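Below are notes on the model you asked me to look over. They go chain by chain, then to the contact between the chains and to a few single residues.

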Amino acid sequence: MTRILAAAGIALLLVAPLLTGNTFYQHLMIMVLFSTLLGTSWNLLGGFAGQVSFGHAAFLGVGAYTTMLFYLKLNLSPWLGMLAGGGLGALFALPIGLICFRLRGPYFSLATLAVAEIVRLVALNWEQLTNGPVGLLITTLPQISIAGRAIDWESKIPFYYLVATLAVLAMTLIYAVSRSRFGAYLAAVREDIDSAEAVGIDSVRVRVLALALSAFVAGVAGGFYALYFRYIDPDAVFAISLSVEMVFIAVVGGLATTAGPIVGAVVLVSVAEVFRERFAAGHLIFYGLFMMLVIRYLPEGIWGRLRLLFRFAQG
Amino acid sequence: MEIFLQSVVSGVLTGSLYAMIAIGLTIVFGVMRIINLAHGEMVMLGMFGAYWSYVLWGLDPFVSVVLWSPLMFAGGMLAYRFLLKDVIPKGELNTLLYTAGLSLFIANLALFFWTGDYRTLNLPYALMPARPFGIAVPIALAIAFGMAIALTAALYVLLSRTDLGRAIRATAQDPQSAALMGVNVQQISMITFGLGTALAGAAGVLLVPSLYLYPTVGEILIVKCFVIVVLGGLGSVPGAIAGGILLGLVESLGAVYVSVAYKDTIGFVLFLLVLLFRPAGLFGVGRT
């Protein structure tokens, strides 16, 4: 069943951009997949390990700045830069994890929020490195040829396939984690941290590892953001609202599910877009309202609820 | 020396208003175990309420606080009854996110009606600061400080001397036992949420003459509030007062002696240090 769904999903991803030549719809599809990446990253830590972070934008921002700076200052290929962004995000996560995981529950969430704010303020003020509030801009992306044809970076299609690949890889990672021994450790830590420790799980190490993996995905996503929009500034990539959005994607889709983030991303991106079209200035009002309704009536998330119904139907 | 005194005075004055907002957040956490992310929006609503009653009816904010506090109290009780009550049993994370949705909803509703313009309200009698002993004291902030102390003291008496206050404290300590002793926990939660909202709203009203107001001002305030309640210990009222003043001092002294750009960072670093080494707050009275 899972395999059929996955194969159908990948087939759909492959043909989706061929269905429309409209660049706006292509942009929306890219945003859905980008949000999936963000939701997947958050879900690994927040869903599977049960550690609710409110500062995930920090890792996204570190990835975005790494990619940008490696390209602009060191002239490193941005595709490698994206990986480096993930790597640095993960590296950056280690000290943060070691500090914050001494705390539990709401204290952990508040600590991650504080860390993200500190990082944002540093990025805003460290002007020699980050150019401060002015931000960084890429004007041209380097030429790359695949099978003798130069890729057209003005088109959205290459970005679509790039982010689709990243999203599939991230979901595969999550799926692999959820089926592994490590995934079982995470579940144990999530359900009861004291019992997990009692049976010999090093809860700090397990959680730090989950955070590093999660930060890697967020860092790569940040690299993609930098390349796709070609402009970043601290208030765009380190915003609290971005951290909160990452949480929403995972929660609306379904905590601790592999497919949840993509469902959440599809729903939230479309809802935001429909509201933006209908209500122009006031669209975030309805976005907030929608959020409240989902949490009120579908606390286990849309995919979480569908999965429950499906299991119920199977008996 | 004069600069030092000046920073201390302005730190304490601002800090007292931070404290008032933080007390609202901390009593709600104490009784219901929820961190209300929409708390900053309650301050924003108080600010706009005071602003419009000044612009439209010429009501001085220090008078209209008498009008807005009970209105915010009623609004908070209604919000609890119709928005939060059924969500709280669905778990900590869900409630937190629900209030995040509520915050987005209120802030953007305000943005829609009142636009994102920065507004100021200048009281004619408070244009120039008073200068006792050569230290500049902004008059509006000084009056706000006095009223914040009065309101906080009133709340303190309510919590420590009345039956209602006893019921609130009992619920915060142990909801089950409180219920067994005949406390209507739902009703107490509703009243507490109303009190928290009223404090936030009243602080907003008092802050209006001293701060820019715009619909998303709540985001900055709520983050400051987190810092304060953690400094003082989550759930503790005296802790929130001390934490508020401390943050006010750290910000104003930090801006003078360290750097203006990094003054907010100092607050967060302090916050992390306290979280790590004294998670129950500086005075060890919070809940872990």
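The numbered points below concern a predicted model.

1. Overall make-up of chain A. Chain A contains 15 helices and four strands. Its radius of gyration is 19 Å, close to the 20 Å that the globule rule gives for 315 residues, so chain A is as compact as a globular protein of that length. Along the principal axes, the C-alpha atoms of chain A occupy a box of roughly 55 × 45 × 45 Å. Among contacts in chain A with a separation of 6 or more, 76% join residues 24 or more positions apart.

2. Overall make-up of chain B. Chain B has eleven helices and zero strands, and its pattern along the sequence reads α-α-α-α-α-α-α-α-α-α-α. For 288 residues, a compact globule would have a radius of gyration near 19 Å, and the 19 Å of chain B agrees with that. The box filled by the C-alpha atoms of chain B, taken along the principal axes, is roughly 60 × 45 × 35 Å. Of the 288 residues in chain B, 55% count as buried. Residues 24 or more positions apart supply 77% of the contacts in chain B with a separation of 6 or more.

3. The contact between the chains. In the model, 32 residues of chain B are in contact with 32 residues of chain A. On the chain B side, the elements that give two or more residues are α4 (92-114), α9 (217-232) and α11 (263-277). The largest share of that side, twelve residues, comes from α4(B). By residue class, the side of chain B that touches chain A divides into 23 nonpolar, five polar and four charged.

4. The nonpolar core. Which residues have the most contacts inside the largest nonpolar core? They are I21(B), M47(B) and A203(B), in a core of 207 residues. Leaving aside residues up to four places away in sequence, I21(B) touches V43(B), L199(B), A200(B), A203(B), L221(B) and C225(B). As background, nonpolar side chains tend to be buried together in soluble globular proteins.

5. Helix α2 of chain A. This helix covers residues 23-48, and at 1.5 Å a residue its 26 residues should span 38 Å; the end C-alpha atoms are 36 Å apart, which agrees. Because 19 of its 26 residues are buried, α2(A) is largely enclosed by the rest of the structure. G50(A), which follows α2(A), has a positive phi near 70°.

6. Helix α2 of chain B. Here the 19 residues, 39-57, should span 27 Å at 1.5 Å a residue, and the end C-alpha atoms are 27 Å apart, in agreement. The helix is mostly covered, with 15 of its 19 residues buried. G58(B) follows α2(B) and has a positive phi, near 70°.

7. T14(B) lies in helix α1 (residues 2-32) of chain B. T14(B) counts as buried because it has 24 C-beta neighbours inside 10 Å. Its C-alpha atom is separated by 9.1 Å from that of S252(B), 238 residues away along the chain. V223(B) is in helix α9 of chain B, one of the elements that touch chain A. With 20 C-beta neighbours inside 10 Å, V223(B) counts as buried, the cut-off being 20 or more. V223(B) and G40(B) are 183 residues apart in sequence, yet their C-alpha atoms are 8.5 Å apart.

8. Most residues other than glycine have a negative phi. N75(A) is not a glycine but has a positive phi of about 60°. N75(A) sits in the loop between α3 (57-74) and α4 (78-100) of chain A. Is N75(A) buried or exposed? With 10 other C-beta atoms within 10 Å, N75(A) is exposed. R33(B), also not a glycine, has a positive phi of about 60°. R33(B) is placed in the loop between α1 and α2 of chain B, and its 17 C-beta neighbours inside 10 Å make it partly exposed.

Terms used. Residues are numbered from 1 along each chain as its sequence is written. Chains are lettered from A and ligands numbered from 1 in the order in which they are written. This is a predicted model: local features need pLDDT of at least 70, side-chain atom pairs count only at pLDDT 80 or more; totals for chains, interfaces and linings use all residues. Two residues are in contact if their C-beta atoms, placed from the backbone, lie within 7 Å. Ala, Val, Leu, Ile, Met, Phe, Trp, Tyr, Cys and Pro count as nonpolar, Asp, Glu, Lys and Arg as charged, and the others, Gly among them, as polar. A residue is buried if 20 or more other C-beta atoms lie within 10 Å of its own, exposed if 12 or fewer, and partly exposed in between; C-beta atoms are placed from the backbone. The radius of gyration is taken over C-alpha atoms; the globule rule is 2.2 Å times the number of residues to the power 0.38. A nonpolar core is a set of buried Ala, Val, Leu, Ile, Met, Phe, Trp, Tyr and Cys residues joined through C-beta atoms within 7 Å. The expected span of a helix is 1.5 Å times one less than its number of residues.
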